[in-house]
Amino acid sequence: EDHDEIPPPPPAAPQARPPRVPGRVSEIMEKIPLDAKGNPTSVGTILHAQGSCQPCHYWFRGDCKNSVACRYCHVRHPGQAVKRIRPSK
């Protein structure tokens with residue numbers, strides 16, 4: 001009889017793969033300028049060297065929630081001052 005056979009081991013669990021960063025994202029990350037500490041600034045800062053960016057008023061106040069994904073420039077601009085941002089009503 002075949003009742004004494006040892007059953008085969010269960011199949012091995014698939015190994016987790018590291019998340020894949022799409023090529024477009026890595027290309028954009030390479031274009032983002034770094035700050036004085038070597039950290040990426042923001043997507044909006046890419047246009048800073050051409051002078052066609054818009055400053056992020058939240059970053060200037062130290063309160064930008066979008067971080068690197070922010071579409072506004074995270075570099076200090078000449079004449080930039082803290083502006084009072086009205087809270088929404």
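Biologist: Where does serine 67 lie, and what makes a stretch of the chain a helix?

Modeller: Serine 67 lies in the segment after H2. Helices are DSSP runs of H or I with at least four residues, strands are runs of E with at least two, and both are numbered from the N terminus. This is a predicted model, in which local features need pLDDT of at least 70 and side-chain atom pairs count only at pLDDT 80 or more, while totals for chains, interfaces and linings use all residues. Residues are numbered from 1 along each chain as its sequence is written, and side-chain values use heavy atoms, with hydrogens and water left out.

Biologist: How many helices and strands are there in the chain?

Modeller: The chain has two helices and zero strands. Helix H1 covers 23–31 and helix H2 covers 57–60.

Biologist: Why is serine 67 called partly exposed?

Modeller: The relative accessible area of serine 67 is 42%. Buried means under 20%, exposed means over 50%, and partly exposed is what lies in between, with a 1.4 Å probe and protein chains only. The 42% of serine 67 falls in between, so the residue is partly exposed. Its phi is near 55°, a positive value in a residue other than glycine.

Biologist: What makes serine 42 buried?

Modeller: Serine 42 has a relative accessible area of 0%, which is under 20%, so it is buried. Serine 42 is in the loop between H1 and H2.

Biologist: Which residues does serine 42 touch?

Modeller: Leaving out residues up to four places away in sequence, serine 42 touches Ile32, Ser67, Val68, Cys70, Tyr72, Cys73 and His74. Contact here means heavy atoms within 4.5 Å.

Biologist: How far does the backbone oxygen of tyrosine 72 lie from a polar atom of the side chain of serine 42?

Modeller: The distance is 2.7 Å. A polar contact is a pair of N or O atoms within 3.5 Å; within protein, one must be able to donate a hydrogen and the other to accept it, and residues adjacent in sequence count only if both atoms are side-chain atoms. The 2.7 Å is within the limit of 3.5 Å.

Biologist: What of threonine 45, buried or exposed?

Modeller: Threonine 45 is at 2% relative accessibility and therefore counts as buried. Like serine 42, threonine 45 is found in the loop between H1 and H2. Residues up to four places away aside, threonine 45 touches Pro33, Tyr72, Cys73, His74 and Val75.

Biologist: Why is histidine 48 called partly exposed?

Modeller: Histidine 48 has 27% relative accessible area, so it is partly exposed. The side chain of histidine 48 makes a polar contact with the side chain of histidine 77 at 3.3 Å. Beyond four places in sequence, histidine 48 is in contact with Cys53, Cys73, Val75, Arg76 and His77. Histidine 48 and cysteine 73 are 25 residues apart in sequence, with C-alpha atoms 6.8 Å apart.

Biologist: How do you know that the structure holds zero disulfides?

Modeller: A disulfide is a pair of cysteine sulfur atoms within 2.5 Å. The sulfur of cysteine 56 has its closest cysteine sulfur in cysteine 64, at 3.8 Å, which is too far for a bond. Cysteine 70 is in no disulfide either, as the nearest cysteine sulfur, that of cysteine 64, is 3.7 Å away. The count for the structure is zero.

Biologist: At what relative accessibility does cysteine 56 count as buried, and at what value does cysteine 70?

Modeller: Cysteine 56 is at 3% and cysteine 70 is at 2%. Both values are under 20%, so both residues are buried.

Biologist: What makes aspartate 63 and lysine 65 a salt bridge?

Modeller: Their closest N and O atoms are 2.9 Å apart. A salt bridge is a side-chain nitrogen of Lys or Arg within 4 Å of a carboxyl oxygen of Asp or Glu, so the pair qualifies at 2.9 Å. A search of the whole structure finds one salt bridge.

Biologist: Why is lysine 65 called exposed?

Modeller: The relative accessible area of lysine 65 is 71%, which is over 50%, so lysine 65 is exposed. Aspartate 63 is at 33% and therefore counts as partly exposed.

Biologist: What share of the residues in the chain is buried?

Modeller: Buried residues make up 15% of the 89 residues. The chain exposes about 8,200 Å², of which carbon and sulfur atoms supply 54%; these areas come from the Shrake-Rupley method with a 1.4 Å probe, and for residues only the protein chains shown count as cover.
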